[in-house]
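Have the model open while you read.

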Amino acid sequence: MTDFVKRIVIKASFTSDDVDFVSMQRGWILQHHQKAEAGASIDIWVTSDRRTEIHQVDDRHIGTRYFTLRGPGSREVAEHIRQDCELWSISEALGELERVRARGEKLICIYAAALAAGEGDGERITQSFRDLVRDPDAGIRQSVIIATGYFPYPGLVDLVRDLRDSDPAAHVRKNAQILLDGLAVGK
């Protein structure tokens, strides 16, 4: 199936059981349960008319779950998901990122923002992440690299280049180079 619609990021408070309930209410048909793929676990449903696939990705590397949709009914299914589920918006993720102080909360917001971002959000997310590359916590700086892998906007890629060239932590510099190499291969 084609017609991938941008990712729709699920809040942690909305459990997999909640998603299962929504799937039953909407008449989705489960095709695969916890299919392992690239370190993630994926549940795949298809709508009753078989026009749209709904993938719930449990991305354990970043501790975030999100939907991806494929097929001609994707926009309609996306609206149903927005009505039925607790989701992150880019505005909420970036707003929370400005307020939170705890490392774990920052990481959640960083990944939610990158996953929820669309084409028009590039400059906004780059501005927000610009402060993060100066965070004293190497894990926060590392998360900018990982998040850029999900949303490789040119401004974010420039931030990753800066981390590669000048970060005080060797592992951050190395991982920045790995991401840049990966992005270059994908061109």
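Some questions and answers on labels and cut-offs follow.

This is a predicted model in which local features need pLDDT of at least 70 and side-chain atom pairs count only at pLDDT 80 or more, while totals for chains, interfaces and linings use all residues. Residues are numbered from 1 along each chain as its sequence is written, and side-chain values use heavy atoms, with hydrogens and water left out.

Q: Why is Q34 called partly exposed?
A: Buried means under 20% relative accessible area, exposed over 50%, and partly exposed in between (1.4 Å probe, protein chains only). Q34 has a relative accessible area of 48%, so it counts as partly exposed.

Q: What makes R50 partly exposed?
A: Its relative accessibility is 49%, so R50 falls into the in-between class too. You will find R50 in the loop between β3 and β4 (53-59).

Q: What makes a set of residues a nonpolar core?
A: The members are buried Ala, Val, Leu, Ile, Met, Phe, Trp, Tyr and Cys residues joined through side-chain atoms within 4.5 Å. The largest such core here has 43 residues, and I110, I125 and F129 have the most contacts inside it. α4 gives the most to this core, with 9 residues. Apart from it lies another core, of 15 residues, including W28 and V77.

Conventions
Helix = DSSP H or I, 4+ residues; strand = E, 2+ residues; numbered from the N terminus.
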